[in-house]
Each structure stands twice: as structure tokens, then as C-alpha cells.
Amino acid sequence: MEINQTNYHIDGMNPSDWDQIRQIYLDGIKTGLATFQTGAPEWSEWDQSHVKTCRIVARSEGSILGWAALSPTSSRCCYKGIGEISIYISDTRKGQGVGTALLKYLIHDAEDNGFWTLQSAITRENKTSLALHAKCGFREIGFRERIAQMPDGSWHDVILMERRSPIIGI
């Protein structure tokens, strides 16, 4: 499935996209709000840690504007339909609807691939991501207090958000 937006389109991620995807990821890491990671892995490590389906990018004229992918939450078979979301938008395209388009596409793609639950763990301070997920049908199911300590010594709470599919796993 491919979705065409006004000035970009969403389609599958390719290994050749990694340099641009990695840069967007690094920009997200720099914010201190998007992830607790302190560096971006090489393609092979990233590829191993994410499901092989449900990897998408928004692109325009050869440039990646944002990306989204799923990671498994467990190696146990009974949890195969639960995916953890990663979504990152280029600094130059934030606030322009790219995140909403990517997340809606990812939800559809996940359901097509048998995922019944999508979840995200979002730092309490990341108001933009919390609002994006709520806009796309996710609900807050809890929080984890002071769950991660950053290299600078600061602690962060994480809000847990979830979306259950109305068509898969019912």
C-alpha cells in the first residue's frame, strides 16, 4: 500500500534509506525527549531489533521526511500481535501533518499484518508525541515513574499509550 499526500508519499522503508533515517533518529536523540538511546545503531543492529513488516517512510523527491516502524514486545508467540512503535519526523517537517499521516498508515499496515495492539512508551515531557498518539486513537494506560536515568543524571517518567485494533484480535 502506498499513500500519496500533497507533496510527499508514504511507502515501505528500504535499507538504502538508512543514512537519512539514522540522521532523523539522531536528531530525535538530541532532543532528550524522543528516546533514552544515546546513539543510533548500524543498519544491521536496527534491522534485527524491528519486525520485518511495518517499516515505513514519508518521502519527497528522494528525501526522507519521517519514518515509523514496529519492534516486537516479546519473543513469546502469544504476544506476536503486539508491537512497540518508533516514529520520528525530520526537524524540517514537524508540525506539517507528516507524523499523523505516518502513524495512521502504520496502524493500517499493522492491522494488515496481524497486530492487535500497538503501544508506545513516551516521555512525559514529549507533549507533541502524546498528542499525536491520542489524535490517532491511543489511550493512556499508565505511567512508569522515574524509569530511566539519562547520562546527565536527569530522570524521566514514561507515559504508556496503547491502541487496540477494532478488527484484529477481537
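**Exercise 1.** Work out what percentage of the 170 residues in the chain is buried.

*Solution.* Start with the cut-off: a residue counts as buried when its relative accessible area is under 20%. In this predicted model, 48% of the chain's 170 residues pass that test.

**Exercise 2.** Check how the chain's radius of gyration fits with that of a compact globule.

*Solution.* First, take the length: for 170 residues, a compact globule would come out near 15 Å. Next, look at the chain itself, which has 15 Å, so the two agree. For the extents, the C-alpha trace spans about 40 × 40 × 30 Å along its principal axes. Last, consider the contacts with a separation of 6 or more: 61% of them join residues 24 or more positions apart.

**Exercise 3.** List the secondary structure in sequence order.

*Solution.* Count up the pieces and you get 4 helices and 8 strands. Then read along the sequence, and the pattern is β-β-α-α-β-β-β-α-β-α-β-β.

**Exercise 4.** Describe how helix α3 packs with helix α4.

*Solution.* Find the two helices: α3 covers residues 98-112 and α4 covers residues 127-135. Their axes lie 10 Å apart, at an angle of about 45°. That angle makes α3 oblique to α4, and the crossing is right-handed. Now pick out who touches whom: α3 brings Gly99, Thr100 and Leu103, while α4 brings Leu132, His133 and Lys135. Sort these contact residues by type and you have 2 nonpolar, 3 polar and 1 charged.

Definitions and conventions
Residues are numbered from 1 along each chain as its sequence is written. This is a predicted model: local features need pLDDT of at least 70, side-chain atom pairs count only at pLDDT 80 or more; totals for chains, interfaces and linings use all residues. Side-chain values use heavy atoms; hydrogens and water are left out. Axes are lines fitted to C-alpha atoms, for helices over the stretch in contact, and angles run from 0 to 180 degrees between N-to-C directions. Angles under 35 degrees count as roughly parallel, over 145 as roughly antiparallel, 65 to 115 as roughly perpendicular and the rest as oblique. A crossing is left-handed if the near helix is turned anticlockwise from the far one by less than a right angle, and right-handed if clockwise. Contact means heavy atoms within 4.5 Å. Ala, Val, Leu, Ile, Met, Phe, Trp, Tyr, Cys and Pro count as nonpolar, Asp, Glu, Lys and Arg as charged, and the others, Gly among them, as polar. The radius of gyration is taken over C-alpha atoms; the globule rule is 2.2 Å times the number of residues to the power 0.38. Buried means under 20% relative accessible area, exposed over 50%, partly exposed in between (1.4 Å probe, protein chains only).
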